[in-house]
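I opened my notebook for a quick look through this model. Here is what I looked up, in the order I took it.

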There are 2 protein chains.
Amino acid sequence: MTTVLIADDQPMQRFGFRMLLESQDDMTVVGEAANGTEAVRQVAAHHPDVVLMDIRMPGLDGIEATRRIIAAGARTRVLIITTFDLDEYAYDGLRAGASGFLVKDAQPEELLAGVRAVAAGDAVVAPSLTRRLLDTYIHHLPPTPRAAPAPEDPRLTSLTDREREILTVIGQGWTNTEIAERLHLAESTVKTHVGRVLAKTGTRDRIQAVILAYDTGLVKPA
Amino acid sequence: MTTVLIADDQPMQRFGFRMLLESQDDMTVVGEAANGTEAVRQVAAHHPDVVLMDIRMPGLDGIEATRRIIAAGARTRVLIITTFDLDEYAYDGLRAGASGFLVKDAQPEELLAGVRAVAAGDAVVAPSLTRRLLDTYIHHLPPTPRAAPAPEDPRLTSLTDREREILTVIGQGWTNTEIAERLHLAESTVKTHVGRVLAKTGTRDRIQAVILAYDTGLVKPA
DNA sequence: GGCGGTGTCGTACCGGGGTACCACGCACGG
DNA sequence: CCGTGCGTGGTACCCCGGTACGACACCGCC
């Protein structure tokens with residue numbers, strides 16, 4: 001039987017978690033806390049297997065509570081649950097010793113799987129954060145023998161010279177009107193070119209085209 | 001509709017994956033490959049959204065195939081699936097550019113959720129590996145950007161934390177609607193934030209903001 | 001207590017961006 | 001000589017982005 005403590009400042013949120021967890025016959029909720037201080041106290045009292053920990057709570061927040069729980073050396077695993085998948089405290093939560101990080105809009109099954117995973121000593125991270133985690137850290141690791149200077153990005157090969165020129169100025173932030181003026185074209189012509197560039201590169205709008213221009217090196221940061 | 005390519009040297013394994021994926025009405029299998037070379041070729045031919053990539057295959061293995069697919073610059077995401085959750089090649093796979101790493105004994109639902117996550121641009125890592133990943137790396141990593149030891153660009157100093165967050169996602173090409181959804185805000189709120197970011201940074205539209213995000217290093221090229 | 005900063009949400013308006021569809025001239029190669 | 005790709009141009013339409021107003025709640029600080 002996996003024992004769980006719920007730490008969240010919203011009563012309805014706690015209720016929802018409790019209902020979900022209690023519906024499983026291998027889990028039981030041994031306590032609730034509405035702030036970090038209370039969470040730390042409850043962990044010391046009940047030694048749950050897992051704490052569902054919200055980040056934003058009045059007083060002591062979830063991060064600091066996690067840090068104290070881990071520092072206390074308990075066997076308790078902390079699974080951070082937050083509404084904000086871009087919360088920059090996510091890293092801090094994991095560094096504080098949390099075993100996982102999930103967002104509240106996850107499917108109930110995902111949450112349950114997450115609880116079971118951390119209870120078993122594994123760790124879980126929401127896909128949206130995993131992506132950033134990998135992007136941020138993986139590449140700092142030992143040399144990736146990435147060969148080949150790559151002469152031209154394949155996403156650009158289908159473009160004609162004119163279209164590549166258009167993409168370049170799009171990447172420099174020019175509006176259609178500016179492109180028309182500076183390249184001595186009609187605005188309708190510019191629109192035609194831009195439309196074809198977007199179609200060929202598979203980008204949905206000029207914003208994505210700007211990003212593509214930077215990512216492919218067609219335009220370089222100042 | 002998410003298009004998937006299956007790369008595995010075991011025919012029965014491919015069959016199982018195909019049955020599972022085809023049972024979903026938002027997925028379709030566009031090809032199969034029994035080795036790395038074939039996988040690279042099939043990706044070039046079909047440009048699938050996702051490749052289910054086994055590591056151990058005769059000839060070109062899954063890691064090297066992943067490296068080549070990513071190096072080719074395709075939009076295709078690679079999701080590595082292996083029997084061995086302790087396979088030390090896992091890191092190499094992620095470093096090679098894979099968007100995820102799952103083990104074959106995962107529940108079918110987990111696999112499907114993983115495919116959908118990577119198709120959406122997110123990333124997934126099996127809980128058993130996530131634990132090792134965090135243990136290995138998180139604790140000795142550079143501080144979060146929020147700590148910002150790096151001298152901040154003066155054009156960004158006037159921004160609040162929230163506004164800087166908004167600028168970051170603008171730089172990643174998100175539309176106002178997407179920002180609202182993923183950050184759980186009303187679109188009107190997003191517009192307010194965006195408007196203030198543009199005013200404070202002196203940029204005329206989000207295009208210029210994207211460029212600023214790249215130029216200041218707030219967003220880095222892929 | 002009051003006051004400013006921040007974050008949130010709303011309505012209304014307008015212009016530019018993007019698409020769809022079509023058209024014409026030119027250069028090139030089968 | 002005619003098809004095809006490319007560059008150029010036009011019209012009509014719709015939607016998103018950006019602005020201009022508001023409004024309210026929370027919080028820290030004077």
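My entries below go from ground rules to strands, then a helix, then the DNA.

**Ground rules.** I am working with a predicted model, in which local features need pLDDT of at least 70 and side-chain atom pairs count only at pLDDT 80 or more, while totals for chains, interfaces and linings use all residues. Residues are numbered from 1 along each chain as its sequence is written, chains are lettered from A and ligands numbered from 1 in the order in which they are written, and side-chain values use heavy atoms, with hydrogens and water left out.

**Entry 1: strand β4 of chain A.** I found 5 of the 6 residues of β4(A) buried, where buried means under 20% relative accessible area, exposed over 50%, and partly exposed in between (1.4 Å probe, protein chains only).

Next I checked its neighbours; two strands pair if DSSP finds at least two bridges between them. Strand β3(A), residues 50-54, runs parallel to β4(A) and is joined to it by 5 bridges, with A:Asp54 partnered by A:Ile81. Strand β5(A), residues 100-103, also pairs with β4(A) in the parallel sense, over 4 bridges, and there A:Leu79 stands opposite A:Gly100.

I then traced β3(A), helix α3(A) (residues 62-71) and β4(A) as a right-handed β-α-β unit. Right-handed here means that, with the strands pointing away from the viewer, the path from the first strand over the helix to the second runs clockwise.

**Entry 2: helix α2 of chain A.** Which residues of α2(A) are buried? I noted A:Gly36, A:Ala39, A:Gln42 and A:Val43 in this helix of residues 36-46. They line one face, because they fall within an arc of 120° seen down the axis of α2(A), the arc being that of the directions from the helix axis to the C-beta atoms. On the other side, A:Arg41 and A:Ala44 are exposed.

**Entry 3: DNA strand D.** I listed 17 residues around DNA strand D, the closest including A:Thr160, A:Arg196 and B:Arg206; near means a heavy atom within 4 Å. Sugar and phosphate make up 61% of the DNA strand D atoms that come within 4 Å of the protein.

For polar contacts (N or O pairs within 3.5 Å), I wrote down A:Arg162 at 2.7 Å from a phosphate oxygen of DNA strand D and A:His193 at 2.9 Å from a phosphate oxygen. The side chain of B:Lys191 has an N or O atom 2.8 Å from a base oxygen of DNA strand D.

Conventions
Helix = DSSP H or I, 4+ residues; strand = E, 2+ residues; numbered from the N terminus. Polar contact = N/O pair within 3.5 Å; in protein donor to acceptor, adjacent residues only side chain to side chain.
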